Amino acid sequence: MQVQQVSKAFATKQVLQAVSLDLNQGEIVALLGVSGSGKTTLFDIIAGLLPTDSGQIKLNDSDITGQTGQVSYMLQKDLLLPFRTIAGNMALPLQVQGMTKKAALAKVQPYFATFGLAGTENQYPSSLSGGMRQRAALLRTYLFGKQVALLDEPFSALDEITKREMHRWYLQMMTQIDLTTLLVTHDIDEALVLADRIYVFGGQPAQIAAELQLPPRAQRDAEFELTSQFLTYKRQILELLAQ
Ligand SMILES: Nc1ncnc2c1ncn2[C@@H]1O[C@H](COP(=O)(O)OP(=O)(O)OP(=O)(O)O)[C@@H](O)[C@H]1O
C-alpha cells in the first residue's frame with residue numbers, strides 16, 4: 001500500500017502536509033507521533049472515512065482514495081458488541097460479507113485456538129480480561145479478510161505487563177498469519193519492539209520527519225529492549241520528536 005502526498009486541513013488548520021509512506025506485504029510499520037499530530041486523521045483517510053484535500057492512497061497499484069472496505073481498521077477501543085458472544089462478534093465480519101450466521105460461526109471456530117481464545121466462544125466481552133478482548137478484536141480485524149490492517153493504538157489501554165505479553169503474542173502471531181500492519185502509536189518502546197520500520201511523524205502541519213529501518217524481527221528477542229542498540233534508536237526518535 002502507498003500513501004502519496006496526502007494533505008488535509010480542517011477549516012483553516014492544516015493538519016497533514018504532503019504525507020507519503022509505503023507498506024510492503026507482511027510488514028509491520030509503526031507511525032509514531034505525539035498526541036494530536038494527525039495520526040488518526042491519516043488513518044481515517046486511508047480507511048476512506050474522511051476525504052483528503054489532495055494526494056492518493058494506492059493498494060496493489062489501484063487508486064483506493066476515498067473508498068471504504070479496502071483495509072481492516074481496528075480502533076483504540078475494542079468495540080466488541082456487548083450483547084453478542086465472542087463467537088457472535090467474530091462471525092460479524094463474515095455475516096457483513098453475506099455469509100449466514102451458522103456458516104460464519106463454523107468458519108471462525110478454528111481461529112479461536114490460533115488466537116489464544118479457546119474456551120471464550122460463548123462468553124460475553126464483559127467477562128474477558130482487557131488482553132483477551134484485544135485478542136478478540138484483532139481476530140475480528142483479521143477476519144475482515146483484508147490484506148492490510150490499520151491498528152490505532154491497539155494496546156494503549158492495557159497495563160504494562162499485559163501489554164508486553166500482547167507484544168510477544170502479536171509478533172508470534174505474525175509469523176503464522178500474513179497480515180500487513182500499519183500501527184499508530186505514541187509509545188516509542190512499542191514501536192521499537194513491534195515494527196520492521198518506523199515512520200516518525202511530527203510538526204505542524206504533520207509530516208514524515210524520518211524513517212527508521214529496524215533489525216530483522218527474528219534478531220529482536222525479549223532482550224532487545226535491554227540492549228544499547230535499543231537505547232540508541234530510542235534516543236534518535238526522542239530527538240526527532242522534540243524537533
Ligand atoms: N473533525 C475535525 N474537525 C476539526 N479538527 C479536527 C477534526 N479531527 C481532528 N481535528 C484536529 O486535527 C488534529 C489532529 O487530530 P488527530 O486525532 O488526527 O491526532 P492524533 O495524532 O491521532 O492524536 P491522538 O494521539 O491524541 O489520538 C488535532 O489538532 C485535532 O484537533
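A crossing of two helices is called right-handed if the near helix is turned clockwise from the far one by less than a right angle. Keep that idea at hand for the views below, which come from a predicted model.

**View 1. The whole protein at a glance.** Let's start with the overall picture before zooming in. The protein's secondary structure comes to eight helices and ten strands. Its radius of gyration is 18 Å, close to the 18 Å that the globule rule gives for 243 residues, so the protein is as compact as a globular protein of that length. Along the principal axes, the C-alpha atoms fill a box of roughly 50 × 40 × 30 Å.

**View 2. Helix H2 meets helix H3.** Two packed helices are described by the angle between their axes and the distance between the axes. Here, H2 (residues 86-96) and H3 (residues 101-108) pack at an angle of about 110 degrees, and their axes are 8 Å apart. Angles of 65 to 115 degrees count as roughly perpendicular, and H2 and H3 are therefore roughly perpendicular to each other. H2 passes H3 in a right-handed crossing. On the H2 side, look for Ala 87, Met 90, Ala 91, Leu 94 and Gln 95, which meet Lys 101, Ala 104, Leu 105, Lys 107 and Val 108 in H3. Sorted by class, this contact of H2 with H3 has seven nonpolar residues, one polar and two charged.

**View 3. Helix H2 meets helix H5.** H2 has a contact with H5 (residues 130-143) as well, and the two pack at an angle of about 20 degrees with their axes 8 Å apart. That makes H2 roughly parallel to H5. Their crossing is right-handed. H2 brings Ile 86, Asn 89, Met 90, Leu 92, Pro 93 and Leu 94 to the contact, while H5 brings Ala 136, Leu 139, Arg 140 and Leu 143. Eight of the residues in the contact of H2 with H5 are nonpolar, one is polar and one is charged.

**View 4. Helix H5 meets helix H6.** Now follow H5 to H6 (residues 160-176), where the axes come within 10 Å and cross at roughly 30 degrees. The crossing of H5 and H6 is right-handed. Gly 130, Gly 131 and Gln 134 of H5 make the contact with Thr 162, Glu 165 and Met 166 of H6. The classes in the contact of H5 with H6 are one nonpolar, four polar and one charged.

**View 5. The shell around the ligand.** Which residues surround the ligand? They are Phe 10, Val 15, Gly 33, Ser 35, Gly 36, Ser 37, Gly 38, Lys 39, Thr 40, Thr 41 and His 186. Helix H1 (residues 39-46) gives the largest share of this shell, three residues. By class, two residues of the shell are nonpolar, eight are polar and one is charged.

**View 6. Two backbone details to look for.** Most residues other than glycine have a negative phi, and most peptide bonds are trans. Gln 5 has a phi near 55 degrees, a positive value in a residue other than glycine, and this residue is in strand E1 (residues 2-10). The peptide bond from Gln 204 to Pro 205 is cis, with omega near -5 degrees. To find Pro 205, look in the loop between strand E9 (197-202) and strand E10 (207-213).

Methods
Residues numbered from 1 in each chain as written. Predicted model: local features only at pLDDT ≥ 70, side-chain atom pairs only at ≥ 80, totals over all residues. Axes fitted to C-alpha atoms, helices over the stretch in contact; angles between N-to-C directions. Helix = DSSP H or I, 4+ residues; strand = E, 2+ residues; numbered from the N terminus. Parallel < 35°, antiparallel > 145°, perpendicular 65-115°, else oblique. Contact = placed C-beta atoms within 7 Å. Nonpolar A, V, L, I, M, F, W, Y, C, P; charged D, E, K, R; others polar. Near = placed C-beta within 6 Å. Rg over C-alpha atoms; globule rule 2.2 N^0.38 Å.
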